[in-house]
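Here are a few notes to keep beside you as you look at this structure for the first time. Have a look at the picture, then read on.

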Amino acid sequence: MWKNPSIKSGEAFEDDVADVFFPEKLYEMLHRTHDVNTNSKRFIRSSLNPDFQFEIQNTNIQFWVECKHRENNSNSSTINVFKGDQLKRYHSFQNCFLLLCTYRYDEQYFYLVPMREIKWDNLFLSFLKNYELTFPPPVLPSLIRKYL
């Protein structure tokens, strides 16, 4: 079945988030949102939740992760990340993070941002810089704890 390239890259990114950024040896996966094919047959309301809920292994520390994959091959200083009421909905989840993958002129960047710090649908690159993941995956539990 043919998929829109942006959806395919978004789904591939979600697979990487699950397997590479938040691996099973460090995190238990409590929730994963259904894919586009499942929801096209009959929409599952829990798909409105962030993409993942994880728990740090051997703790009771749980958190949510919403994945966004955006290209930004312009000279713009902002990236449009959220649409409609998404941001408001994600703010209602305790311990929620945005994991943003963005491409800018063939350079790939990753950011892990506590959702409570995000006020607008469009994010300034200067704001994101503070949350850039400058180390290879996985995301360590110590970083999650730091932001909670």
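1. Let's begin at His 31, whose side chain reaches the backbone oxygen of Pro 50 at 3.4 Å. The side chains of His 31 and Thr 33 are also joined by a polar contact of 3.3 Å. Here a polar contact is a pair of N or O atoms within 3.5 Å; within protein, one must be able to donate a hydrogen and the other to accept it, and residues adjacent in sequence count only if both atoms are side-chain atoms.

2. A word on the source: this is a predicted model, in which local features need pLDDT of at least 70 and side-chain atom pairs count only at pLDDT 80 or more, while totals for chains, interfaces and linings use all residues. Residues are numbered from 1 along each chain as its sequence is written, and side-chain values use heavy atoms, with hydrogens and water left out.

3. His 31 belongs to strand β1 (residues 27-32); strands (E, at least two residues) and helices (H or I, at least four) are DSSP runs, numbered from the N terminus. His 31 is buried, at 14% relative accessible area. Buried means under 20%, exposed over 50%, and partly exposed in between (1.4 Å probe, protein chains only).

4. Now turn to Lys 129 in helix α4 (residues 125-129). Lys 129 is exposed, at 53%, and its side chain makes a polar contact of 2.9 Å with the side chain of Glu 132.

5. Finally, how many disulfides are there? The count is zero, taking a disulfide as a pair of cysteine sulfur atoms within 2.5 Å. For Cys 67, the nearest cysteine sulfur is that of Cys 101, 9.8 Å away.
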